[in-house]
Every structure is written in C-alpha cells, then in structure tokens.
Amino acid sequence: KFYQHATTEASQATLASVSPVFAVMKLDKEGNTTYFEKKKTELYQELGLQARDLRFQHLMSIATRNNRIIMRMEFLKAVITPEFLLILDYRNLNLEHWLFNELASQLAGEGQLVTYSLPFEFRAIEAILQYRISKLQGRLNTLQPQILETLEALVDPKLLSVDRSKLHILLQNGKSLSELETDLKVFKETILEILDEEELIEELCLSKWTDPQVFEESTSGIDHAEEMELLLENYYRQAEDLANEARELRVLIDDSESIIFINLDSHRNVMMRLNLQLTMGTFSLSLFGLIGVAFGMNLESSLEEDPRIFWLVTGIMFLGSGLIWRRLLSFLGRHLEPPLPPHVPAVLKKSQPAAGRVEIRNNLKAETFGLSRSTL
C-alpha cells in the first residue's frame, strides 16, 4: 500500500510538472486588462470546462460548453464568458497590436454594429470575427497587386520568352492564394454551421442563462437571438465577398496561364516552321549538288575544256535548288493553312404562328470567311 501511494503521488507530481502553462490576458466589460499565468489543469477547472476544450489547434472553430464560448482562429485562442474574455497564449507577434491597441475599446462598445448596448459576449464575438476578417482582407490586399503585376509582365506580347523568375513568383502567389481560399472556406463553413442551427445561435447568447431580462426585445424590436444571427450573417457576407475576389484572381491566373501556353506554342511553331524550311533548303541544295559531285570526279570528258561549262553548271545547280525549295515551300504553305469554316446556308427560315410565316434571310458575305480565315 505504501508503494502504491508513493507511486500515485509521483505520477501526480509528474503530471503537474508537465502540464502546460497558459499566459492569459483577461479583459472585462469595461475594457480593463489583467495578465497572469496559470496551468491548464487549474484553468479548465475554474472555468468549468474539460481538458479537451483547451486543446487548441490552428483550425477555426466556435463551440459552447457550460455557458462558455470557446473560439479557435489560427493563432487566436479565446474563452468568452458573460463577464470577461480570456485570451490564451497572447504573446504572439501577430496579435500584440490588436490586443493592446484595439480589443479593449471594442469590448467597451466602440465600433459595434448597433447603437444600443449589447451583452458582453456579443461585443467579444464581434471583435474576434472582425479581427479575423481584417486579417484575411489584409492577406488578399497584399496578394492582389503582386499577382496582377506578375500576370501583366508575363502576358506582355512584346516578350518573346517567359521570365522564369516571374513564373516562380506566380507559383508562390498561387500557393498563398490557395491557402487564403481554404481559410475563407473554413471561416464560411464555421459560420454557416451555426446559422443553420437555431439552438447553436441561442447557446451563443450566454446572458440568456444568467440574466433573462437582458434578452427581452431591444429598442429596435429585434430579439437578441436574431441580433446574433444578423451579426454572424454580416461577417459571413464579408467572407463571401472576399472569397469572390479570390475566385476572380484564380480565374485570372488560369486565363493568363492559357495565354502564356498559347504564346509558347506560337513561338514553338515558328521555330519548327523555320527548322522545316531550312531542312527543305538543305535537301534541295544537296539534290542539285549531285551535278557538282559528278563533275568533281576524277574522270575526263570534253566538257571541262570549255571555260563556260563551270558557270553553266553552277547556275543550273543554284537555279534548280531555288526552284525545288520554292516548290516545297508552296506545298508546305498549302498544307499548313487552316481549313475553311463549314458552309452555312445563306437563307435561314423561321416560322412564327402568331403573325403567319415570316422568312428571315441572312446573306453571309464572302468577307466573313476571309476574316475568319485570317483570324485563324
């Protein structure tokens, strides 16, 4: 028994020693701020929560338990009660400016959506959602000009080759845009999951269980549960607008990539055509060069005694090579031309029963085919 008791005490001491310690920032209704450190075991016992409720991850989530709201948003870990707001692990460079300069004033009621006073949890949720939306908006504002500038440089028709450094920058910006789209999707799904369940909306109204009189109809004639729904819908629409802008950037990147591939194919076709022309010229020249080879053999004939034979044979060689090359080029041009568009009847008939039969005739001119052909 003594051994078991000693082992239990040792295990408890070890558990207490490895228990994480949270650096907590506490803000009350008036915006007063206090700082302290507390172990995880002590903190969730004081708040009436369970250990898994304080197991924060970077994924966004909004949950309620025991009249407490637990919010996880990337680096932000918050627990909201009807009386105060706890920010856990607040020592983060991404949070310091907002925590020390903006959060206290927002919790005091400055900058809220309505002019009348709302319960504390409304102001806390609004402040956190506003912070998250502003971060997503800032990321989009940073990516948008970079992507537009890179695409403008890549699709410039004056450039004969694609700058690889610009493609690398576009690839990095595309990955960042994908991450932003994922974060926006998670944000919208989290908000929409609450909006689809009326019970979840009511659970977010913490003051309903502590002070029922607060949840009487407000001066605007709207119940506070409806106000919570309007609050969430507002930030859902903002996230939807950001998602639409990100989607437009994605479409613009895809269209620009198509243009880049078309330009590369065009340059590749020019090089292939040039290579084919040079091959034809080499073939035609070597074909008539056989005459020079025949005269260069160590055989005697009466022709080499005439001084005009050299110029005659040389002229025949170059003239014949030029004619053969020209013939091959014309053959190549005929087979590389785009085919004519299909024949369209010149008269299209359309019947209208109300006013009898009416014939609509569209005379398609030959210039249309010529324009389409030149465009192709």
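Biologist: How far apart are the end C-alpha atoms of residues 309-325, and what percentage of the span is helix?
Modeller: The end C-alpha atoms of residues 309-325 lie 24 Å apart, and the span is 100% helix and 0% strand. Helices here are DSSP runs of H or I with at least four residues, strands are runs of E with at least two, and both are numbered from the N terminus.

Biologist: What does UniProt list for that stretch?
Modeller: The unreviewed UniProt entry lists residues 278-297 and 309-325 under "transmembrane region". UniProt positions are given in the numbering used here, feature names are shortened, and annotations may be inferred rather than shown by experiment. Residues 278-297 are 90% helix and 0% strand, with end C-alpha atoms 28 Å apart.

Biologist: What should I know about the model itself?
Modeller: This is a predicted model, where local features need pLDDT of at least 70 and side-chain atom pairs count only at pLDDT 80 or more, while totals for chains, interfaces and linings use all residues. Residues are numbered from 1 along each chain as its sequence is written, and side-chain values use heavy atoms, with hydrogens and water left out.

Biologist: How many helices and strands are there in the protein?
Modeller: There are 10 helices and eight strands. Of the 376 residues, 30% are buried (under 20% relative accessible area; exposed is over 50%, partly exposed in between, with a 1.4 Å probe and protein chains only).

Biologist: Is strand β6 mostly covered or open?
Modeller: Mostly covered: β6 spans residues 84-88, and five of its five residues are buried. F84, L86 and L88 are on one side, L85 and I87 on the other. In a regular strand, side chains alternate between the two faces of the sheet.

Biologist: Which strands does β6 pair with?
Modeller: β1 (residues 21-28) pairs with β6 in the antiparallel sense over five bridges, and β5 (residues 76-80) runs antiparallel to β6 with four bridges. Pairing requires at least two DSSP bridges between the strands. I87 has M25 opposite, and A78 also stands opposite I87. The hairpin from β5 to β6 goes through three residues.

Biologist: Switching to α2. Which of its residues are buried?
Modeller: In α2 (residues 40-47), the buried ones are K40, L43, Y44 and L47. Seen down the axis, they fall within an arc of 90°, so they line one face of the helix. That arc is taken over the directions from the helix axis to the C-beta atoms.

Biologist: What do those buried residues pack against?
Modeller: They pack against β1, β2 (33-39), β5 and β6, where contact means heavy atoms within 4.5 Å. Q45 and E46 are exposed on the face turned away from the buried side. Just after α2, G48 takes a positive phi of about 70°.

Biologist: How many aromatic pairs turn up in a search of the whole structure?
Modeller: Two. Rings of Phe, Tyr and Trp (its six-membered ring) pair if their centres lie within 6.5 Å; planes under 30 degrees apart count as stacked, over 60 as edge-to-face and the rest as tilted. Y35 and F100 form a tilted pair, 6.1 Å centre to centre with 35° between the planes. Y35 is in β2 and F100 in α3 (residues 96-107), 65 residues apart.

Biologist: And why is the pair of W98 and Y131 stacked?
Modeller: The ring centres of W98 and Y131 are 4.3 Å apart and their planes are at 25°, so that pair is stacked. W98 belongs to α3 and Y131 to α4 (residues 120-154). W98 is buried at 4% relative accessibility, and Y131 is buried at 10%.
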